[in-house]
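Here is a short report on one protein model. Look at the fold, then read on.

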Amino acid sequence: MTVTAQDHDDLAYNVFAKACPSRATLEHVTGRWGGLTLGALYEGSLRFNELRRRVDGVSEKMLSQTLHALERDGLVHREAQPTNPPRVDYELTPLGRQVAERLLALIHCVEGAMDDVLAARARYDETRGAL
């Protein structure tokens with residue numbers, strides 16, 4: 001399916017418009033930690049520390065901020081269990097699953113193309129100098 005500019009103009013929201021609220025949600029989804037968090041939660045419900053281990057390299061503070069943003073956007077559900085010690089689980093909402101499916105397709109596309117990407121980087125570095 002090809003999306004044209006005309007199709008985009010017919011939508012109620014326009015991510016290309018500076019004031020559109022969809023832009024912030026797109027940033028939450030495609031940001032460094034948002035995409036990885038959604039991808040990890042696609043596998044199933046996880047506790048905070050399980051999620052932190054799955055998303056290698058994310059700090060506790062950044063994961064917490066990411067989860068709050070995704071929860072506010074309606075993509076992640078936080079379930080606090082009244083146990084001692086407290087137990088909090090995170091899982092995708094139905095909307096979060098829809099977004100994560102599309103995001104995982106992009107992730108798999110990038111992973112599958114990494115040989116080509118690495119070769120392109122090497123060619124670029126040879127001609128322009130390594131960064």
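## Contacts and overall form

Take contacts (heavy atoms within 4.5 Å) in the protein between residues at least 6 apart in sequence: 42% of them join residues at least 24 apart. The model is predicted: local features need pLDDT of at least 70, side-chain atom pairs count only at pLDDT 80 or more, and totals for chains, interfaces and linings use all residues. Residues are numbered from 1 along each chain as its sequence is written, and side-chain values use heavy atoms, without hydrogens and water.

The protein has seven helices and three strands. Helices (H or I, at least four residues) and strands (E, at least two) are DSSP runs, numbered from the N terminus. The radius of gyration, taken over C-alpha atoms, is 18 Å.

The three strands form an open sheet in the order β1-β3-β2, with antiparallel pairing. Strands pair if DSSP finds at least two bridges between them. β1 and β2 stand at the edges with a single partner strand each, so one side of each lacks a neighbour in the sheet. β2 and β3 pair over six bridges. There, Glu79 stands opposite Asp89 in β3.

## Helix α3 and Leu38

Helix α3 (residues 32-42) lies across β1, β2 and β3. Which residues does Leu38 touch, not counting those up to four places away in sequence? Among them are Val29, Leu70, Val76 and Leu103.

Methods. Axes fitted to C-alpha atoms, helices over the stretch in contact; angles between N-to-C directions. Rg over C-alpha atoms; globule rule 2.2 N^0.38 Å.
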